[in-house]
Amino acid sequence: MTEFFHSCTTNERKREIEELLNNFAQQTGAWRHCLFFLSNTRNEYVMMYSLTVFENLVNKMWIGVASQDKMEIRSCLPKLLLAQHKVVPYFIRNKLCKVIVDIGRQDWPMFYHDFFTNTLQLIQSPALAQLGLVMLKTTSEELACPREDLSVARKDELRKLLLEQVPTVLGLLTGILETYWDKHSVIASTPPPSPTSGESVELLGSLFQGSQYSKLLCQPMATLDNDSQQLCCLVLECLAHLFSWIPLSTSITPTLLASIFHFARFGCDLRTKGNKVDRARLGVLAMTCVNELVSKNCVPMDFEEYLLRMFQQTFFLLQRLTRENNAHTVKSRLQELDESYLEKFTDFLRLFVSVHLRRIESSPQFPIVEFLALLFKYTFNQPTHEGYFACLDIWSVFLDFLTTKIKSRLADRESVLNRYKDALVLLLREVLNRIQFRYNQAQLEELDDETLDDDQQTEWQRYLRQSLEVVAKVMELLPSHAFSTLFPVLQENLDVYMGLRQFIVTSGTSRRLNISAENDCRRLHCSLRDLSSLLQAVGRLAEHFIGEIFAARFSDALAVVERLVEVTCYGSQTSLYDLETAVPSVLKPDLIDVHAQALAALQAYSHWLAQFYSEVHSQNQSQFINLITSAIDASSPLITAKVPEKLLLSSCHLMVSITSTVRPVFLVTLPAVQNIFNLITTENQTRRLPQEAHMLVCRALSNMLLLPWPNLPENEQQWQTRSSNHASLLAALTREYRILRGTVNITPRQPDLNNTVIQQTLPVLRDIVDSISGESTKSRQICYQSLQESVQVSLSLFPVFIQQPDVTDEMLAFFLTLFQALRVQMGVAFTGQIIHTFLSMFTREQLAASILQEGSAGCRVVQKFLKILQVVVQEPGQAFKPFLPSILSLCMEQVYPVVAERSSPDVKAEMFELLYQILHQNWRYFFKTSVLTSVQRGAAEDTMENEAQFTAAMQAFGQSFLQPDIHIFKQNLSYLESLNSKHKLYHRKLFRTSMLLHFINVLLQVLLHKSHDLLQEEITVAIYNMASVDFDAFYSAFMPEFLNGCQGVDTSQRAVLARNFKLERDLPSFTQSVQRLVNDLRYYRLCNSSLPTGTIKL
């Protein structure tokens, strides 16, 4: 053993030693040698190895051990434990305990009747209590939630046996905790003149008056010595594990709860002497016990009162945590506490609010408002950002609870709101202060605003977003109050920003901001950062001004929008983003960010503007027209390549929202909009916008011409003019692209230039088509007319670029969008021509070559091609039916053979979706049965057509269940289930007679192999649906045949398995039977595989 673990031993030698040791362990009677080693060695490696031999013997070979040997082992190991537990290292002691518990798991109570009583006796004898507790905890872990190497019957039996013991065990553990607390408590006869005596009757005093807890909890803390502390830790660990599986019941007595809470105090008292870390551990373990109880949602009636008591006691602790005295502020108190204790405490508060608040809130004995005051103090004094986030989450849950409650009780909503109003007002004010540098600079500076997390946001963005969510939820409950809190703060910072104009100094061509004192720069930086955050807050609240409340809150919203328009115009006129500043690395990004956020906030009000437009369209529109004109004046000067990209994109997005959501009639006539048309349609590569901005502007211009104007009848929509304008817009955008058609015959002269043109033009066209896909027929018609020539050019270019996957990828993406949005406009003949071209271009070699390069552009091309075919086969009517045979053969004869044996997850997913859509949308292609004949014949016979293709498709589905990819497995299982619910797939004669049993067999084998355990539930439901086609045949024919084919079990075990599979026809019972069959079959195989050769089975 020492050689094996020595650093100089080579891997070859280690393998030799390992083989020797394994062979030794397999020999019958090896355990006798191990028993000798255990009694006579001090080498930890040898002890550990010997215990592993025992563990293997008990868990895998116990059935084959002679009963005489079993008795000897059962008597020797506990003796060994008693003799050695003080001298061996703790991990050897724990391992030995586990081996003894494993024996109990097999033999108690029948052959090892004193297993549990021995443990209880150990706990009761002071010298051995620690050992007894280790045994008890191991027993709880191994017997209450045993792993799968036991039969279901034995698992149930063990649980029942353990539940009978619970009251005794809990009684013993309560006794230990009480004894140690009382023994070490210092209850003085005269109260000491210390701050401990009268302090806790402050806020929650009303809770405890007349209850014995008020006295108990005011006692000074016990001072424990080291051994007592370790023992109490073990007791609490045992309780935490017991609470994880025993149901809430009266065996969890008030005394036990009170004792746990005594120890929970160790986490929140700083004054106590002794080792701070260990004491905090007691607190953490006690809170773990409390959280185990609170996390249970199912509370029996007789336990509700206990819950109330628990909450009272925890809030006593919360009060201690947030108490201020001269020595400590609340924040410094919390900072000194153990981090994991605070985490556990926050967990408790979250569970309380999310699981139990609805039970407790209406109880007269529970002072909910005082509780919120404590939670408030606790939240805003958290020492870490993570802690603060966790508390904000608790407030979010509370606000959701309140919103739901108010919606369900419209009658007394005012009284409910008034009860909580003060708390909400405070919360709103404090959260707003927390996001402002003005009040919270030191903490906010610590937040990282560079690195992106998994959700693509920085730490600062996450902080801001979570805070604004809370603000928005308060806004929903107290709209006018929230608005009157936020708007003045915004105004204040806006005044600073608007006042910057007077500090701009122009000399020659340069303009600079004449603020240079360090202090002023810092104050300006803070003010700009805050303005940026408050603008986001105002944008986030836009949704609370529209809908039914539009009229009631009109003046507030108008004030906001007018102010935003003013700010954005000011920003664009003074072009602050261009200024030279004293601290360019700080102030320049600040100025750009404020400007961008103001545009984004204005964009958030586009739905409000749309509602304003529809309300006023018949009256005086001057106010509305001024707002829109100014908004366009604010954004149009920024649409040039010279402006920083952040600003450019914000203004483009604002334009898109105005054109798609508000859609004013007069937009096209504005001079600023005319300028943008000219910028986009003139040939000038040097002035070209970056691609993303270019796409957005094109989308906005196209929207103006294509989207129907609101509030106007069809005959006033001026479609004629708009149509010709749109055609000329697209002609300008595709000028270079359409020239390519002439160069087709020549080998592409400048491939790079051609590719650039294609890569620049097609995404823009795709985006334009995409943005009108949900619109009226008229818009789509005009769009297609303008695009017609480009589409034909694309089709003729396609064969030229077939060898360049990145270009083909772009083209197919364009065609996919066309098929999704404009297939009706393109007409059957042309669509047919496109599909025909594609089918002939994608030869088997071409497909195979592309699919084999996983993740490449070629692979994406095949995915898009399959997606296009999915759109085609879903089209109702007869138009595209002639393509079905060739699509099917492409799928089954060209794509499937390439992907069948490979993982290629992306192509596979698309291919199976195509197969599913073919079957689902074109069921009659395979099953001709009309409704009438199926009624007449009682659906006994199906007239099948194209049977070979149907069978091949089903085999492909079946094959996918034998492969490890869990996503494809899940997707395909849901496709089969869907075909069954929509078309009665499992009931069809062909499926029923030649496929059904194969599918059930494969799915059962998957459960047995535990290869796709995450999908256990879905697989069991599918087996049930397949079996329910003909339960009689399933029980009488399939099950016996399945069991006979099972390897590794004998005849009598098969009989037991068959007998335990109840002949039930409802899903819950069937599910239980399947789980039991899978568990027990695995268990029998395990037992049988470990029997010594030549064992005679009875």
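Predicted model: local features only at pLDDT ≥ 70, side-chain atom pairs only at ≥ 80, totals over all residues.

Entry one, a helix pair. I looked up helix H29 (residues 645-662) and helix H31 (residues 691-706), and their axes come within 9 Å and cross at roughly 20 degrees. By my cut-off, H29 and H31 are therefore roughly parallel to each other. I noted the handedness too: H29 and H31 cross in the left-handed sense.

Which residues of H29 meet H31? On the H29 side I listed Leu648, Leu649, Cys652, His653, Met655, Val656, Thr659 and Ser660. Their partners in H31 are Glu692, Ala693, Leu696, Val697, Arg699, Ala700, Asn703 and Met704.

Entry two, helix H7 (residues 115-124). I checked burial here and found Phe115, Phe116, Thr119, Leu120, Leu122 and Ile123 buried. These residues sit on the same side of H7, because they cover an arc of only 155 degrees around the axis. Then I turned to the face pointing away from that buried side, and there I found Gln121 and Gln124 exposed.

Strand S1 (residues 504-507) pairs with strand S2 (residues 510-513), and I logged the sense as antiparallel, with four bridges. Going across the pair from Thr506, I land on Arg511 in S2. S1 and S2 make a hairpin, with two residues between them. I looked at phi in the turn as well: Gly508 has a positive value of about 65 degrees.

Notes. Residues numbered from 1 in each chain as written. Heavy atoms only, no water. Pairing = 2+ DSSP bridges. Buried < 20%, exposed > 50% of the residue type's maximum accessible area, 1.4 Å probe, protein only. Arc of directions from axis to C-beta. Axes fitted to C-alpha atoms, helices over the stretch in contact; angles between N-to-C directions. Parallel < 35°, antiparallel > 145°, perpendicular 65-115°, else oblique. Left-handed = near helix turned anticlockwise from the far one by under 90°. Contact = heavy atoms within 4.5 Å.
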